[in-house]
Amino acid sequence: MQILIILIEILVLFAIVMLHVAYATYFERKIIGHMQVRMGPMRVGWHGLLQPIADGIKSFFKEDIIPEQADRVTFLGAPIICLVAMMTSLAVLPFARGWVIADINIGLLLVFAMSSLASYGVVLAGWASNSKFTFLGGLRSMAQVISYEIAMGMSLVGVMMLSGTLNLSKIVEAQGDSFWGMYLFPQIIGFFVFFIAMLAETNRVPFDLPEAETELVSGYCTEYSGMRYAMFFMAEYIGMMVMASIGTICFLGGWNGPFTVSIFPPFWFVAKVYIFMFLFIWIRATMPRYRYDQLMELGWKVLIPLALANIVLTGIVKAFTG
């Protein structure tokens, strides 16, 4: 019976996340359209509301082309690695008190592990396609992940020191005694480093160098088509949601809010994740892409020293306040 309940929870979560992925693309196109003084999707359904459904059907029925010189097994498996790794992370995210599929003590470590595993899919896709554009995209992704994952991991050490746990539900509960019920203010340096590293980890503007349409066509996924291309797309948007959720849990107090919404306990969690998602889109519409040397310099010379300073500062404060 317990297994059946877990299976139903997984199916419900899968359906909700896929719906959010579909309409995240719609709202991204709409918001960027309005920021550029145009309408965005308008033709399929009222104000283009059925556009994501039409795009999904189109991707499903498009021909799945495999380049003649590609490593077939790796080429086919790479998008699956990306998607499965990102979806696994969803299992440990607490959307409200008790609203989590797997409330494990190493939830934060599991999210990091899955995030790293997803980048293997990108690197393998770049190598297996046997194209110079995809190979360069894969190399860029590998260097970017190595550079920014260190900074991201260290930015969350302060949160671990304050909460004393890696369990995501307990991190939220530990923030109850903090100023405004969140670690945003005592960990403002950590949050700054996490936010920048989060954009780089998800290959979003201004750190979208692994795709870089103007230089590498579409980077690591240039040779993909149909549903496998859509799987990379889904993995990217689920990755955005996972990172937005980690930011919400570790710095913004998770499901805690100014008042309780008993009819829908995850209300504040969802609202905070939506704010993060809007910031992803806003930054994409307003910022130019970094040069590769600027990307590396920011990661190694600015973010990692800042994250280290935050750990030292948190340790000193913790030692004096207990």
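The model is predicted, so local features need pLDDT of at least 70 and side-chain atom pairs pLDDT 80 or more, while totals for chains, interfaces and linings use all residues. Residues are numbered from 1 along each chain as its sequence is written, and side-chain values use heavy atoms, leaving out hydrogens and water.

**Helix H3**
- Helices here are DSSP runs (H or I, at least four residues), numbered from the N terminus.
- Among the buried residues of H3 are Phe75, Ala78, Pro79 and Met86 (buried means under 20% relative accessible area, with a 1.4 Å probe and protein chains only).
- The buried residues of H3 pack against H4 and H10 (contact means heavy atoms within 4.5 Å).

**Helix H8**
- Eleven of the 14 residues of H8 are buried, so this helix is largely enclosed by the rest of the structure.
- The buried residues of H8 pack against H4, H5, H10, H11 and H12.
- Just after H8, Asn203 takes a positive phi of about 55°.

**Largest pocket**
- The largest share of the lining of the largest pocket, nine residues, is supplied by H10.

Terms used:
Buried < 20%, exposed > 50% of the residue type's maximum accessible area, 1.4 Å probe, protein only. Helix = DSSP H or I, 4+ residues; strand = E, 2+ residues; numbered from the N terminus.
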